[in-house]
Amino acid sequence: RRGAGAPPVKVAVAETRDMPVVEHTIGTVVANSSVQVNARVAGQLLKANFKEGQLVKAGDLLFQIDPAPYQAIYDSAMATLASTKAKADRYASLKAQNAIAGQDFDDAQASYLQAKANAEAALINLNYTRIHAPVSGKTGPMLVQPGNMVTANNTLLTTIYQTDRMYVNFSVSEQRLLAMQRQLGRALSQDSKTPPPFRIFLADGSEYPQKPRLNFIDPAVDPRTGTLALRLEVDNPQHLLHAGQFARVQVAAHKDPNAIL
């Protein structure tokens, strides 16, 4: 065009050096572990001591089931235990004096031991009315609201997801695997001083700040897809990663030596 200046032209000198080759694939974020919280005794759910999505610590009280029926059973068991213990002690004293038959002494001891076992079982069930967090993590939705009846070992109350560390599952093809074999071996080596060959990118394109570690390589290729499953482990202190989230995984597959760049 008349009056227009010449377009700028950039010139670079071709050189020969090693060129890193990276592979990109889509991974799925999964929780380090998830634990289902169930009721172990039946009764009316009185109270929930957490909010959905709250971070809880192992041992925190989550739910309270009405303890009154189990308290009554425990009190009755303790009364029976006290009675049988007194009788067993009295018969032991008489046995030492050869004042009773040995069978009577044995029966008294057996009754005492049975009463003790019943009291212990009643206490266990009473303690089960207080449901504590088995692990630390983030709670899922509350599946049963207070006021409802729950059944023993059959009512799922919530799920706790351990999110301080997360897994990223992804797959690579057989062809890519052959090119990545050496890098994967270095990533699994505890003595390797080379930087990890993996990077994780979030949906907005930003790189996840924590460095992932190769955690698992499936020993067998899936014959249906011709791919091999791998798993990365990554710290999640800010809880930026969520179970079910998609992430882009970049793998430094290998280096092309003496490439012209």
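Glu233 is buried, with a relative accessible area of 14% (buried is under 20%, exposed over 50%, partly exposed in between; 1.4 Å probe, protein chains only). The model is predicted: local features need pLDDT of at least 70 and side-chain atom pairs pLDDT 80 or more, while totals for chains, interfaces and linings use all residues. Residues are numbered from 1 along each chain as its sequence is written, and side-chain values use heavy atoms, without hydrogens and water.

Glu233 sits in strand 11 (strands are DSSP E runs of at least two residues, helices H or I runs of at least four, both numbered from the N terminus). Its contacts are heavy atoms within 4.5 Å. Leaving out residues up to four places away in sequence, Glu233 touches Arg165, Met166 and Tyr167 on one stretch, and Lys211, Pro212, Arg213 and Asn215 on another.

## Strand 4 and its neighbours

Strand 4 is mostly covered, with four of its five residues buried. Strand 4 pairs with strand 2 through three bridges, and the two run antiparallel (pairing needs at least two DSSP bridges). In this pairing, Leu45 stands opposite Ile65 of strand 4.

Strand 5 (residues 130–132) also pairs with strand 4. Again there are three bridges, and the direction is antiparallel. Here Phe63 faces Ile131 of strand 5.

## Two nonpolar cores

The largest nonpolar core has 27 residues (a core is a set of buried Ala, Val, Leu, Ile, Met, Phe, Trp, Tyr and Cys joined through side-chain atoms within 4.5 Å). Leu62, Phe63, Ile65, Ile131, Val150, Leu157 and Ile160 have the most contacts inside this core. Strand 4, helix 1, helix 2 and strand 8 each supply at least two of its residues. A second, separate core has 20 residues, including Met180, Ile200, Leu232 and Leu241. In soluble globular proteins, nonpolar side chains tend to be buried together.

What does Leu62 touch, not counting residues up to four places away in sequence? Its contacts are Val37, Lys47, Ala48, Asn49, Phe50, Val56, Ile131, His132, Ala133 and Ile160.

## Aromatic pairs and charges over rings

The structure holds two aromatic pairs (ring centres of Phe, Tyr or Trp, using the six-membered ring of Trp, within 6.5 Å; planes under 30 degrees apart are stacked, over 60 edge-to-face, the rest tilted). One of them is Phe50 with Phe63, an edge-to-face pair with 5.2 Å between centres and 85 degrees between planes. This pair links distant parts of the chain, 13 residues apart. Phe50 is in the loop between strand 2 (43–48) and strand 3 (55–56), and Phe63 is in strand 4 (residues 61–65). Both are buried.

Which ring lies under the charged end of Lys95? The ring is that of Phe105, and the charged end is 5.9 Å from its centre (NZ of Lys or CZ of Arg must be within 6 Å of the centre and within 35 degrees of the ring normal). The charged end of Arg231 sits over Tyr167, 4.5 Å from the ring centre.

## Thr158 in strand 8

Thr158 belongs to strand 8 (residues 156–173). Thr158 counts as buried because its relative accessible area is 0%. Its side chain reaches the backbone oxygen of Pro141 at 3.1 Å (a polar contact is an N or O pair within 3.5 Å, within protein with one donor and one acceptor of hydrogen; sequence-adjacent residues count only through side-chain atoms on both sides). Beyond four places along the sequence, Thr158 touches Val35, Gln36, Val37, Phe50, Phe63, Thr139, Gly140 and Pro141. Both rings of the edge-to-face pair, Phe50 and Phe63, are thus on the contact list of Thr158.

## Loop residues

Asn98 lies in the loop between helix 1 (68–96) and helix 2 (102–127). Its phi is near 55 degrees, a positive value in a residue other than glycine. Asn98 is exposed, with a relative accessible area of 68%.

His239 sits in the loop between strand 11 (227–235) and strand 12 (246–260). Phi of His239 is near 55 degrees, also positive in a non-glycine residue. His239 counts as partly exposed, at 23% relative accessibility.

Asp222 is in the loop between strand 10 (213–217) and strand 11. At 22% relative accessible area, Asp222 is partly exposed. A polar atom of its side chain lies 3.0 Å from the backbone nitrogen of Arg224.
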